[in-house]
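Visitor: Could you walk me through how to read a model like this one?
Guide: Gladly; let us look at it together.

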Amino acid sequence: MDELRACVAGSVDAAAGPRPSDLTVRLGRAEDIAAAAAVLIRLHSMTLATIVATDETGTPDRDLKVRYIFEPAAAGAADRFVTLLISIDTARPEVPSLTTAVPAANWHEREMRDLFGIIPIGHPDPRPLVLHDGWPRGVFPLRKAFDGSRRVPVEPAGEFPHLVAEGEGVFEIPVGPIHAGIIEPGHFRFSSVGETVLRLEARLFYTHRGLEKRMEGLSPLDAFYVAERICGVCSVAHGLGYCEALEQIAGVDVPARARVIRTIALELERLYNHVGDIGNICAGAAFHYGVATGQRLKERLQQMNERLAGNRFLRGLVVPGGVRLDLSDDLLGALAAALRETRAGLDGLMGRIEANPSVVDRLDDTGILQHQAALDLAVAGVAARASGVNRDARRDHPHGAFAGPHPPDLRVVTVSDGDAMARVTVRAQEARESIRLVGELIRRLEPGTLQVALPEPVPGGRIGISAIESPRGEAVHWLRTDASGRVERYHLRSPSYHNWPAVALAAETAIIPDFPLVNKSFELCYSCTDR
Amino acid sequence: MLRILINALRTGVVTTRYPAVPSVPPERFRGAPVLRPGSHLPPPAVCPAGALSEHLDTEGRRVELDLARCVFCGRCAEDPWAGAITMGRDFELAARCRADLRIEVAADNPAGPANGTPADPDAEAARVSSEIHRVLGRSLHLRHLDAGSCNACDWELSALLNPIYDVRRLGIDFVASPRHADGVVVTGPVTRNLETAVHRTVEAIPEPRVVIAVGACAASGGIVGEGYASAGGVDRVLPVDVYIPGCPPRPEAIIFGILLALGRLDARHPRTG
């Protein structure tokens, strides 16, 4: 705190919150944000977790606010979020940009310019991010005065000003937003010389559905069903992250059995994703046996999901206050058998991949993400751990069974190479670790209740924050209730949100034909980035 | 190489025989909710997706469930409504008409007649379907079009190509270019940012073409609904030939819907309890 006071000119007001272990620092002057962020990053080895803008013109403060939320970057640090809070006058909605000092702030700042009309002064990129196609000027959908329930017509728009390389022999290759396979939409603009990628620009947010606005004003119990559907393959992780933030606000403790079942579900989600992803990476190397094997193993797990939860994406298992369904001994027996088969199948698949020079050759040294770049961009999950960044929200921000009194052991897998092979290796090791963890959790499952009731209405004017290790990495959820206990603002920073810029960097070390491998080795979601 | 061959032989045939052999979903599977007429049916606010509605007529309160909107979360079948609504296991729900997906029952009045689905008003749809059958035969090449889905429906479409469902055995395949396609399977509620791309892709498909809306978002807007960034369903921007409910529909439900579009199934199966 003293360090902070020494570095800034304006007032500094600190208090614990949102959780007792967290700290919220209110800065008197918005201009101090860069200096304060530098103290957290340099002196306390913290990294940017998320940035949340809010429209609080309807509250006594009558202002816009921006919360810059940081978390420890080092492995083994205490579970803590530090929020730097600044207030912005609606008559002059400007903040100094952090992007040149904190590259991970880039998209966050462009997003708040689009959705809130808060201008990051000095941001190097003036282009819109979230809103496309002739979006009306001066209309900011996440301001409270904007009615988000009506369609805004699409207007003819000029060509988006992509940043491209120029010079003799430089080609521009546009790909998407509609792709040739069954995948999510995004536009990739390659500048290349021959096969070498000079630059890749990814334009996303095509699947922006306005879900954060959609949740505003709902009862937090209704809004859960939207949160669970932000992303298909992160259904458990996002549902759980929302629930943990809401349970903090409601001040309820989830029963031990429910915590264990939640973590089993989270690990099963990681497992079917990782196994399927390894198979899909084989498609980029034209190794069809690997693709078919990965698909078959994933399908077996998704059929198991349907037996456990009634849904192949495990939707409907986690609910606010606990879990909806119990795991009977019969189901646990069937699950154990499915996991044994998956383990054998995965070992066989990895054996075939590693023994196949034509696959290994394609993966080795392809799409390298440097360790420092991973740190600068606050990259999360498999991509971070494959570049030697030792971070995992299950350990760093314990949730589910990991937050209990006797958390299960967790081996965080890191590899330092940063290439596609490293990301495959991390996934395979983590899949094995998930199988081991589920086995351990099944043994620990004690009889008990499944759910506690949440008070209705949920306490008003409170903030909840949670971080969940989804299959793609750490997702940060931020939820605030209004005076009557309804959702005032919900914000999700998905792992993919921080990882997409890293894909562009990694692609610049590769050739065009290897891009599918680079992309699939990161395997990011568009839907939880775009929301 | 030898290892791969041995493994492949040891794995054997894993492909399902659906639809020749019916598929029975597991016990916990949440398929079409079954509304018990005359029971204490829940108020519309219980449904987070807005699939339930009610109105009063001379007979009393009538409750309507829109399967196109339903996200199959099971909330309306929980206490205190358990019994009035139960989650059935029927997943073959695809229909050519949006109206066919609305189920209306009389509530709170045991004497009131159960009004299942309304009479089939889809003579025009059937005509289109037989025309498609005539032109395209029994095979269908489809282009996938993500119009803003959460990716769950997309992954289920991918699963159709896995060794278990292997839809190519049914003459169905997914192609890379809309120019090569007989139709399109659309997922997602059609976001504002994709509206232009949706129109361009569909217009690039030669006519006659089929448009299949896969999942609650595409069929009705689902839990996303209409908003500043969402059109609220594919039929808000182009005509839809077949609607496949589900959040997401399981792969066999999508196969059922595609076969319905092809005219290879007569109509919806009668509802099972």
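Predicted model: local features only at pLDDT ≥ 70, side-chain atom pairs only at ≥ 80, totals over all residues.

Visitor: How many helices and strands does chain A have?
Guide: Helices (H or I, at least four residues) and strands (E, at least two) are DSSP runs, numbered from the N terminus. Chain A has 17 helices and 15 strands. Its radius of gyration is 23 Å, close to the 24 Å that the globule rule gives for 531 residues, so chain A is as compact as a globular protein of that length. That radius is taken over C-alpha atoms, and the rule is 2.2 Å times the number of residues to the power 0.38. Chain B has 6 helices and 10 strands.

Visitor: And what share of each chain counts as buried?
Guide: A residue is buried if 20 or more other C-beta atoms, placed from the backbone, lie within 10 Å of its own, exposed if 12 or fewer, and partly exposed in between. By that count, 54% of the 531 residues of chain A are buried, and 53% of the 273 residues of chain B.

Visitor: Which domains does chain A have?
Guide: Domain bounds come from an automatic or database domain assignment. For chain A it gives domain 1 (2–121), domain 2 (170–203) and domain 3 (211–530). The centres of domain 1 and domain 3 of chain A, taken over C-alpha atoms, are separated by 27 Å. Their contact takes 15 residues from domain 1 and 20 residues from domain 3.

Visitor: How many residues does each chain give to the contact between A and B?
Guide: Two residues are in contact if their C-beta atoms, placed from the backbone, lie within 7 Å. Chain A gives 51 residues and chain B gives 53 residues. On the chain A side, H8(A) gives the most, with 8 residues.

Visitor: What should I look for in a core?
Guide: In soluble globular proteins, nonpolar side chains tend to be buried together. A nonpolar core here is a set of buried Ala, Val, Leu, Ile, Met, Phe, Trp, Tyr and Cys residues joined through C-beta atoms within 7 Å. The largest one has 244 residues, and B:Val186, B:Ile212 and B:Val214 are among those with the most contacts inside it. Helix H7 (residues 256–284) of chain A gives the most to this core, with 13 residues. Leaving aside neighbours within four places in sequence, B:Val214 is in contact with residues including B:Cys153, B:Val186 and B:Ile254.

Visitor: Which residues of helix H4 of chain B are buried?
Guide: In H4(B) (residues 195–203) they are B:Glu195, B:Ala197, B:Val198, B:Thr201 and B:Val202. Seen down the helix axis, they fall within an arc of 160 degrees, so they line one face of H4(B); the arc is that of the directions from the axis to the C-beta atoms. The face turned away from the buried side carries the exposed residues B:Arg200 and B:Glu203. Strands S6 (140–146), S8 (183–187) and S9 (210–214) of chain B are included in what covers the buried residues of H4(B).

Visitor: Why does A:Leu85 count as partly exposed?
Guide: A:Leu85 has 19 other C-beta atoms within 10 Å. The residue is found in strand S5 (residues 82–88) of chain A.

Conventions:
Residues numbered from 1 in each chain as written. Chains lettered and ligands numbered in written order.
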